[in-house]
Amino acid sequence: GKPAVVLSGYRSWTGLPKPGFEQCKRVEYKQFKITDCIFMSFNYKFLEEYQHLIQNTNLQKGYQEFIHLFRWLRISLQNRFSSFRFQGNIVENNMEYSYFQFSDDTLKQMGLKIVVVFVHSDFRFEIWISGCNRQIQRQYYNLLMQSSLSIFLTPDPDHLDYIVKFPIEANPAHIDCDALLDMVSDTCVQAIHFVNENLKTE
């Protein structure tokens, strides 16, 4: 039957200065009981700062405008690169970096993909050549480590999500959308050419 859920053991949810809380959730079934204890802690300074920003600035509107721009960019690039397969939607990724990706049969066979990235902390677009898994990233990293190419090679293929990146230095808040689209498009072409010229082993 439907379980009865009992919540107990809350600590310091409102009783500052102790941060965090303990939550013990006991789920009672007719046949047995399960006790699931969750111990959590939150940085209330960051939560208060977020509250201030969301209530007193245009942070929310600014982020919504970025998402609108990023979705438009994805659709526009898909129209330009019609022979490539784009993933279903953008990934927002908690304001660390937002991205979408695309590939074709050649890239897929090589275990690679092109990723259009916006790094929020740098407020900058980048184009990444990424592997479909860590093993593939290490393979191409080892190949490029032996070259003398002047590139932005990942320092850690096991923990970072790119092999090579191509930063776009223009500030997207200071150029019109058509110019931005041209810059991103040209950099994607540069990344694809880099794959064809430097990563094909056959």
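Among contacts in the protein between residues at least 6 apart in sequence, what share joins residues at least 24 apart? The share is 42%. The structure discussed here is a predicted model.

**Overall layout**

The protein contains five helices and nine strands. Read from the N terminus, its elements follow the order β-β-β-α-α-β-β-α-β-β-α-β-β-α. The chain has 202 residues, and 35% of them count as buried.

Six strands form an open sheet in the order 4-5-6-7-9-8, and their pairing is antiparallel. In general, strands of a sheet pair through backbone hydrogen bonds, either parallel or antiparallel. The edges of this sheet are strand 4 and strand 8 (152-153). Each of these two has a single partner strand, so one side of each is left without a neighbour in the sheet.

Inside the order, strand 6 (residues 112-119) and strand 7 (residues 124-131) run antiparallel and are joined by eight bridges. Val 115 is bridged to Trp 128 in strand 7.

**Aromatic pairs**

Across the whole structure, 16 aromatic pairs are found. Two of them are set out below.

| Pair | Centre to centre | Angle between planes | Geometry |
|---|---|---|---|
| Phe 84 and Phe 102 | 5.4 Å | 85° | edge-to-face |
| Phe 166 and Phe 194 | 5.9 Å | 75° | edge-to-face |

Planes over 60 degrees apart count as edge-to-face, so the 85° between Phe 84 and Phe 102 puts that pair in this class.

The pair of Phe 84 and Phe 102 links distant parts of the chain, 18 residues apart. Phe 84 sits in the loop between helix 2 (59-80) and strand 4 (85-86), while Phe 102 belongs to strand 5 (residues 97-103). Phe 84 and Phe 102 are both buried.

In the other pair, Phe 166 is part of strand 9 (residues 164-168) and Phe 194 is part of helix 5 (residues 177-198). The pair therefore ties together parts that are 28 residues apart in sequence. Phe 166 is buried, as is Phe 194.

Ring pairs also build a cluster made up of Tyr 63, Phe 66, Phe 70, Phe 81, Phe 84, Phe 86, Phe 100, Phe 102, Phe 118, Phe 123 and Phe 125.

**Phe 70**

One member of this cluster, Phe 70, is found in helix 2. Is Phe 70 buried or exposed? Residues under 20% relative accessible area count as buried, and Phe 70, with a relative accessible area of 0%, is therefore buried.

Leaving aside residues up to four places away in sequence, Phe 70 touches Ile 90, Ser 98, Tyr 99, Phe 100, Val 116, Phe 118 and Phe 125. Among these, Phe 100, Phe 118 and Phe 125 also belong to the ring cluster. The C-alpha atom of Phe 70 is separated by 9.8 Å from that of Glu 92, which is 22 residues apart from Phe 70 along the chain.

**The largest pocket**

The largest pocket holds about 370 Å³ of space. It is lined by 16 residues, and those closest to its centre are Gly 62, Glu 65, Phe 66, Leu 69 and Phe 123. Phe 66 and Phe 123 are also members of the ring cluster.

Which element gives the largest share of the lining of the largest pocket? Helix 2 does, with eight residues. By class, the lining has 12 nonpolar, three polar and one charged residues.

Conventions: Residues are numbered from 1 along each chain as its sequence is written. This is a predicted model: local features need pLDDT of at least 70, side-chain atom pairs count only at pLDDT 80 or more; totals for chains, interfaces and linings use all residues. Side-chain values use heavy atoms; hydrogens and water are left out. Rings of Phe, Tyr and Trp (its six-membered ring) pair if their centres lie within 6.5 Å; planes under 30 degrees apart count as stacked, over 60 as edge-to-face and the rest as tilted. Helices (H or I, at least four residues) and strands (E, at least two) are DSSP runs, numbered from the N terminus. Buried means under 20% relative accessible area, exposed over 50%, partly exposed in between (1.4 Å probe, protein chains only). On a 1 Å grid over the protein atoms alone, a cavity is a set of points where a 1.4 Å probe fits but cannot get out, and a pocket is an open set with protein on both sides within 12 Å along at least five of seven lines; lining residues have an atom within 4 Å of a point. Grid points are joined across faces, edges and corners, and a volume is the space filled by probe spheres set on the points. Ala, Val, Leu, Ile, Met, Phe, Trp, Tyr, Cys and Pro count as nonpolar, Asp, Glu, Lys and Arg as charged, and the others, Gly among them, as polar. Two strands pair if DSSP finds at least two bridges between them. Contact means heavy atoms within 4.5 Å.
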